[in-house]
Amino acid sequence: MGEPSRLVLRVALRGEDLAAISALEVLRDELGARDLAALSRETVWEIALDGAATEARASARAADASAAPASARARLAEIARESLLFANPVKERWSLEEGALRVPDAPPGRRIVGLLVRDRLDRAGDACARALETDWELRAASVRRATLWLLDLPDEGREATAARASALGVTTRRDRGLLLNPHYQDVGILID
Amino acid sequence: MKRVAILQLPGSNCERETARACAAVGLAPQIMRWNEPAAALVAFDAAILPGGFAFEDRVRAGALAAKLPVIAAVAEMAAAGKGVVGICNGAQILVEAGLVPGLTAGAVEMALAPNASPRGGYDCRWVRVAPHPRARRSILTAALEPGETIPIPIAHGEGRFVAADGERVLARLNESGQALLRYVDAAGAPRDDIATNPNGSLGGIAALGNPEGNVAAIMPHPERASWLFQVPTECDAPWGPRRRAARSVADLDAAGPGRKLFESVRAFLEER
């Protein structure tokens, strides 16, 4: 059917992200990361779709209500546009992507490292999956909500820069790490 | 009279009630702002970090405040054997600062994670706590009787004590007597259901101390249960009937169930 099995919906604030601004200041001023040029944050919804079920429901809906059949991706975009389930358009913008998350390109001499932070107990993801099915007739095999922090660091090589981002992100001591607490959160490192 | 600094952070909202509760048990509280010279803390016998939402809980509750220079000064107080208590948001700060549980000096060994209730999110209601049977003498338990049940309100979204290696850490905390208070049901028994343990906390822990007992983090709000007028009329006996029977301002101004936790603070400090 050519239907993507995994989609990623990325949500970011349209205006200033005060949490990211505060975190950047603390990382620079209290944790010594003066060479951290920028820090931004997105909410990421990782959605694994049950393609066959979705197609069947879309077809049924089309037959019943003369609506146009929708692919799962188009349906998800429709839901993001027409509901507040993922984003509030007044204050947030969103984009829908297929496949693996990518980090933006960095200027020469810099690297952008993504820290994808997931709570081990993800009530929001579970609730979203239920809402998709009951309110929007879109069955997802799983929905996970995560936070993506993007750190703009000097390029010290791929491994070293990733390690540096991890040290700034993972809280292990009062003076080491800020962006996640490993006692209830997991982190994935994204780097080109 | 023992002097207690009530540390007001940007977003604290319980500093005045906490100061009143301290004064009611004969302590000398003084509200101190986070950006005053931290050296001023030297003059105090204890510091209390009150409830609220420091820095709007940005990043996660307590995470940013834990990095403040004034919290380094609080850590020095703790190391010097002075008293340190964190209530709700204050507890989150102490955990994020590695002051509780303090099994390994300086390490952040636990988290106060989002509540595990099925609905998730913020929960605000009265629950019951009791001293853990193996709790050591501490700044929060010095005046408590074994087995006594204290009705007390909670008001938090991130109050679940967790550790990556939960069972091992819980065993160590129980062994060392650092699990100070735990959530219990109406019969005083611990239960692993959300009605009793409102956030799904590891071992039903409501308050946790350091190995020396001079530092404690408590998620419920004793300052909101320090007077009878704060107690709901439907509260368990003897508090509910006592509240319903109150007829005058003087009756309502009597001590509430949370007062004993502040009496513990005073008793512990006076022993030192």
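Me: How many aromatic pairs does the rule count over all chains?
Reply: This is a predicted model, in which local features need pLDDT of at least 70 and side-chain atom pairs count only at pLDDT 80 or more, while totals for chains, interfaces and linings use all residues. Residues are numbered from 1 along each chain as its sequence is written, chains are lettered from A and ligands numbered from 1 in the order written, and side-chain values use heavy atoms, without hydrogens and water. Rings of Phe, Tyr and Trp (its six-membered ring) pair if their centres lie within 6.5 Å. Over all chains, the count of aromatic pairs is two.

Me: Is the pair A:Trp45 and A:Phe86 stacked or edge-to-face?
Reply: Planes under 30 degrees apart count as stacked, over 60 as edge-to-face and the rest as tilted. The ring centres of A:Trp45 and A:Phe86 are 5.4 Å apart and the planes stand at 75°, so this pair is edge-to-face.

Me: What is the angle between the planes of B:Trp227 and B:Phe229?
Reply: These two rings form a stacked pair, 6.2 Å centre to centre. The angle between their planes is 25°.

Me: Is B:Phe229 buried or partly exposed?
Reply: Buried means under 20% relative accessible area, exposed over 50%, and partly exposed in between (1.4 Å probe, protein chains only). B:Trp227, at 6%, counts as buried. B:Phe229 has 38% relative accessibility, so this residue counts as partly exposed.

Me: Which residue lies over the face of B:Trp227?
Reply: A charge sits over a ring if NZ of Lys or CZ of Arg is within 6 Å of the ring centre and within 35 degrees of the ring normal. At 4.5 Å from the ring centre of B:Trp227 lies B:Arg20.
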